[in-house]
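Student: I have a model open on my screen. Can you show me how to read it, one feature at a time?

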Amino acid sequence: MAGWEQARRRYRLVHDVAGDVARNGPGAVDEWLPAIEAEFGDLGELLHDVQRRLQTAAEARLDALIEAPPAHPEASVMAVLDEVAETHPDLRRLVDAYASHPAVAEGTARFHRAVRAATGVDLTQVRSDRSRYEEKGSSRDRKPAFRLGLRPVCAWLH
């Protein structure tokens, strides 16, 4: 049971920190550092955990794209990433706030390589030119390429 208790503590802490950062900005992490260090060892490990959760949610959705390749892979991959970000906005804000942190930068590079290997889509190139795949309206106005009827366990992907 100790493993489950640790998982529950970490789950709660991640969501508490992410919610606080979403409400009050990145500086809110400072008051959480003692709890973060006690549970994760350091901020980098918490950020790695948050990013892993987001990336796992994205990878699960990307699997469906690989099974039935879309006509517009770049648009479909970006729609999946947008959907995950919209599903887990607080987690995404936390990762974005620390995008330059070594733990996040390393995870981002690894995720980009994995997506390119699996789908052929270069996220670095696509993200720098979103107009290339977006149609009229914002990403919030578009329907995702597909929607799974599942709610991820919880939560990326920068």
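**Burial, contacts and packing**

Tutor: Start with Tyr 98, which is buried, because its relative accessible area is 15%. Buried means under 20% relative accessible area, exposed over 50% and partly exposed in between, using a 1.4 Å probe and protein chains only. This is a predicted model: local features need pLDDT of at least 70, side-chain atom pairs count only at pLDDT 80 or more, and totals for chains, interfaces and linings use all residues. Residues are numbered from 1 along each chain as its sequence is written, and side-chain values use heavy atoms, with hydrogens and water left out.

Student: Where is Tyr 98 placed, and with which residues is it in contact?

Tutor: Tyr 98 is in the loop between helix 5 and helix 6. Contact means heavy atoms within 4.5 Å. Leaving aside neighbours within four places in sequence, Tyr 98 is in contact with Pro 26, Val 29, Leu 43, Leu 47 and Val 104. Take Pro 26: it is 72 residues from Tyr 98 in sequence, yet the C-alpha atoms are 7.9 Å apart in space.

Student: How many helices and strands does the chain have?

Tutor: Helices (H or I, at least four residues) and strands (E, at least two) are DSSP runs, numbered from the N terminus. Here there are 7 helices and 0 strands. The order from the N terminus is α-α-α-α-α-α-α. Of the 158 residues in the chain, 39% are buried.

Student: Is Leu 94 buried or exposed?

Tutor: Leu 94 counts as buried, because its relative accessibility is 0%. It is found in helix 5 (residues 89–97). Not counting residues up to four places away in sequence, Leu 94 touches Val 17, Ala 18, Val 21, Val 29, Leu 46, Leu 47 and Val 50.

Student: Which side chain makes a polar contact with Glu 39?

Tutor: A polar contact is a pair of N or O atoms within 3.5 Å. Within protein, one must be able to donate a hydrogen and the other to accept it, and residues adjacent in sequence count only if both atoms are side-chain atoms. The side chain of Glu 39 makes such a contact with the side chain of Arg 9, at 2.8 Å. Glu 39 lies in helix 2 (residues 29–40). It is buried, at 13% relative accessible area. Beyond its neighbours within four places in sequence, Glu 39 is in contact with Gln 6, Arg 9, Arg 10 and Leu 13.

Student: What sits over the ring of Phe 40?

Tutor: A charge sits over a ring if NZ of Lys or CZ of Arg is within 6 Å of the ring centre and within 35 degrees of the ring normal. The charged end of Arg 10 sits over the Phe 40 ring, 4.4 Å from its centre.

Student: How do I read two packed helices?

Tutor: Two packed helices are described by the angle between their axes and the distance between the axes. Axes are lines fitted to C-alpha atoms, for helices over the stretch in contact, and angles run from 0 to 180 degrees between N-to-C directions. Angles under 35 degrees count as roughly parallel, over 145 as roughly antiparallel, 65 to 115 as roughly perpendicular and the rest as oblique.

Student: At what angle do helix 2 and helix 3 pack?

Tutor: Helix 2 and helix 3 pack at about 85°, with their axes 8 Å apart. Helix 2 is therefore roughly perpendicular to helix 3. Val 29, Leu 33, Ile 36 and Phe 40 in helix 2 meet Leu 43, Glu 45, Leu 46 and Asp 49 in helix 3.

Student: And how do helix 3 and helix 6 pack?

Tutor: Helix 3 (residues 43–67) and helix 6 (residues 102–119) pack at an angle of about 10°, with axes 10 Å apart. They are therefore roughly parallel to each other.
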